Amino acid sequence: MREIAVPLPGRDASYRVRVQSGLRHRLAAELAPLDLPRRLFVVTDHNVARLHAREVLAGLKAGGWEAHLLAVPPGERSKSWRQVAALTRELLARGADRSTALMALGGGVVGDLTGFVASLFMRGVPLIQVPTTLLAMVDASIGGKTAINLPEAKNLLGTFHQPRLVAVDPEFLHTLPPRERLNGLAEVLKAGFIRDAGLLRMVETEGPRLFQDRELLSEVIFRAAAIKARIVAADEREGDVRRLLNFGHTLGHALEAASRFRLPHGQAVAHGMVAALQLSRHLTGLAPESCDEGIRLLRKAGLARKPPRVAPEAVLSALGHDKKRQAGELVFVLLRDLGAAEIVTGVPLRLVAEVLPR
Ligand SMILES: NC(=O)c1ccc[n+]([C@@H]2O[C@H](COP(=O)([O-])OP(=O)(O)OC[C@H]3O[C@@H](n4cnc5c(N)ncnc54)[C@H](O)[C@@H]3O)[C@@H](O)[C@H]2O)c1
């Protein structure tokens with residue numbers, strides 16, 4: 001078992017991120033020391049429900065928990081007001097009250113939505129995160145951010161609601177489609193780029209057998225999750241340190257928007273990381289060979305291999321929108337070295353235009 005204690009900012013308490021193969025079978029025992037209400041609503045999406053819910057529910061019930069299942073349609077559209085209202089009413093209809101806990105069993109969508117509802121239902125009920133995508137294991141389930149989308153923008157409404165436990169079972173990933181694995185791998189590599197060059201090299205050399213080797217997969221998830229945990233512990237709200245997690249995302253978000261969300265998130269972020277590596281050569285003294293190494297290992301992982309089919313003007317215009325929100329300055333997370341990131345303000349648009357993927 002690998003474990004990280006994440007201190008709660010401003011409080012003398014912490015929650016644990018626990019990573020172990022087969023943990024899904026022992027959730028009841030994991031919850032036992034947490035002093036939670038015995039009634040638990042497991043929120044998931046229809047895909048995860050079909051593949052994994054029966055096993056998880058059976059384990060919880062066998063361990064003495066009164067566990068109920070609620071499933072929402074898969075996909076980003078479930079992070080909506082409509083779904084918040086539907087879930088809340090379903091909770092009430094099935095007898096949930098203030099002595100109820102919610103468990104998010106799924107990817108980042110389920111985690112964000114369930115966290116949002118948990119933070120509001122009866123002014124807040126306990127939340128347990130059981131992530132089932134690689135992205136959620138190393139990123140979305142840690143840090144207490146919750147969100148839903150509005151037609152105007154993604155993640156526009158959100159709260160901070162820290163989980164009582166993040167229970168990571170890498171075996172959930174056996175059923176995860178390759179495209180979703182890549183989305184998560186982009187975030188693993190991001191963590192390596194900003195804080196852990198060793199993790200980058202591990203993924204580069206061991207990458208091909210990553211999803212076949214239980215120990216290796218647990219180690220990679222643990223190292224990436226630990227980086228996220230350390231960063232959010234330092235800085236719960238969106239301060240400077242937390243902004244390091246945006247490496248590759250400034251341009252990544254612009255690419256996603258310019259492609260009308262046809263480009264997968266992981267690929268968009270990977271292209272954003274390639275551009276950020278190139279900017280780092282110009283602006284933060286990243287050695288050319290480290291820049292090349294970074295690009296090479298992204299490609300080796302199956303990311304940023306072919307140019308996205310988006311017009312450069314559309315990307316720059318999407319970046320411009322971002323720029324307005326940040327007081328007229330383009331802000332990028334850049335690298336001094338692989339594993340050492342910093343925030344750079346005032347990056348000239350002209351330079352960004354030069355490093356756009358094409
Ligand atoms: N709160 C945060 O700090 C934070 C951080 C990063 C991302 N996010 C959010 O996370 C979301 C993306 O999360 P995601 O990439 O996990 O996407 P997701 O939750 O949509 O899951 C991707 C797909 O994989 C399926 N799936 C999940 N687990 C599976 C499994 N084990 N086997 C087979 N299929 C499985 C889902 O049904 C879905 O179709 C976005 O909404 C993003 O805004 C939040």
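This section describes the strand pairing, the helix packing and the ligand shell of a predicted model.

The model contains an open sheet of seven strands with mixed pairing. The strand order in this sheet is β1-β2-β9-β6-β5-β3-β4. β1 (2-7) and β4 (66-72) are the edge strands, each of them pairing on one side only. From one strand to the next, the twist averages 20°.

Within the sheet, β1 and β2 are joined by six bridges in the antiparallel sense. R2 has V19 in β2 as its bridge partner. The two strands form a hairpin with six residues between them, in which G10 takes a positive phi near 75°. Parallel pairing is found between β5 (residues 101-106) and β6 (residues 127-131), which are joined by five bridges. The bridge partner of L102 in this pair is L127 of β6.

Helix α3 (residues 81-93) lies across β3 (39-45) and β4, and the angle between α3 and β4 is about 155°. Helix α8 lies across β1, β2 (14-19) and β9 (165-168), and runs at about 10° to β1.

A further antiparallel pair consists of β10 (residues 332-337) and β11 (residues 340-344), with five bridges between the strands. L335 stands opposite A341 of β11. The hairpin formed by β10 and β11 has two residues between the strands, and G339 in the turn has a positive phi of about 95°.

Helix packing is described next, beginning with the contacts of α7. Two packed helices are described by the angle between their axes and the distance between the axes. For α6 and α7, the axes come within 6 Å and cross at roughly 140°. The two helices, α6 and α7, are therefore oblique to each other. On the α6 side the contact involves V188, L189, A191, G192 and F193, which meet A197, L199, L200 and V203 of α7. By class, the contact of α6 with α7 has eight nonpolar residues, one polar residue and no charged residues.

Helix α7 (residues 197-206) also packs with helix α8 (residues 214-234), their axes coming within 11 Å and crossing at roughly 155°. This angle makes α7 roughly antiparallel to α8, and the crossing of α7 and α8 is left-handed. L199, M202, V203 and E206 of α7 meet L216, V220, R223 and A224 of α8. The residues of this contact divide into six nonpolar, no polar and two charged. L199 and V203 are among the α7 residues that meet α6, and both are also among those that meet α8.

Helices α10 (residues 249-258) and α11 (residues 265-283) pack with their axes 7 Å apart, at an angle of about 135°. That angle makes α10 oblique to α11. The crossing of α10 and α11 is right-handed. In α10, the residues H249, T250, L251, G252, L255 and E256 take part in the contact, meeting H265, A268, V269, H271, G272, A275 and A276 in α11. Six nonpolar, six polar and one charged residues make up the contact of α10 with α11.

The ligand is surrounded by 28 residues, of which the closest are N47, G107, G108, V109 and T133. Four helices, α2 (46-62), α4 (108-120), α5 (134-140) and α6 (178-195), each supply at least two residues of this shell. By class, the residues of the shell around the ligand are ten nonpolar, eleven polar and seven charged.

Key:
Residues are numbered from 1 along each chain as its sequence is written. This is a predicted model: local features need pLDDT of at least 70, side-chain atom pairs count only at pLDDT 80 or more; totals for chains, interfaces and linings use all residues. A residue is near a molecule or strand if its C-beta atom, placed from the backbone, lies within 6 Å of it. Ala, Val, Leu, Ile, Met, Phe, Trp, Tyr, Cys and Pro count as nonpolar, Asp, Glu, Lys and Arg as charged, and the others, Gly among them, as polar. Axes are lines fitted to C-alpha atoms, for helices over the stretch in contact, and angles run from 0 to 180 degrees between N-to-C directions. Angles under 35 degrees count as roughly parallel, over 145 as roughly antiparallel, 65 to 115 as roughly perpendicular and the rest as oblique. A crossing is left-handed if the near helix is turned anticlockwise from the far one by less than a right angle, and right-handed if clockwise. Two residues are in contact if their C-beta atoms, placed from the backbone, lie within 7 Å. Two strands pair if DSSP finds at least two bridges between them.
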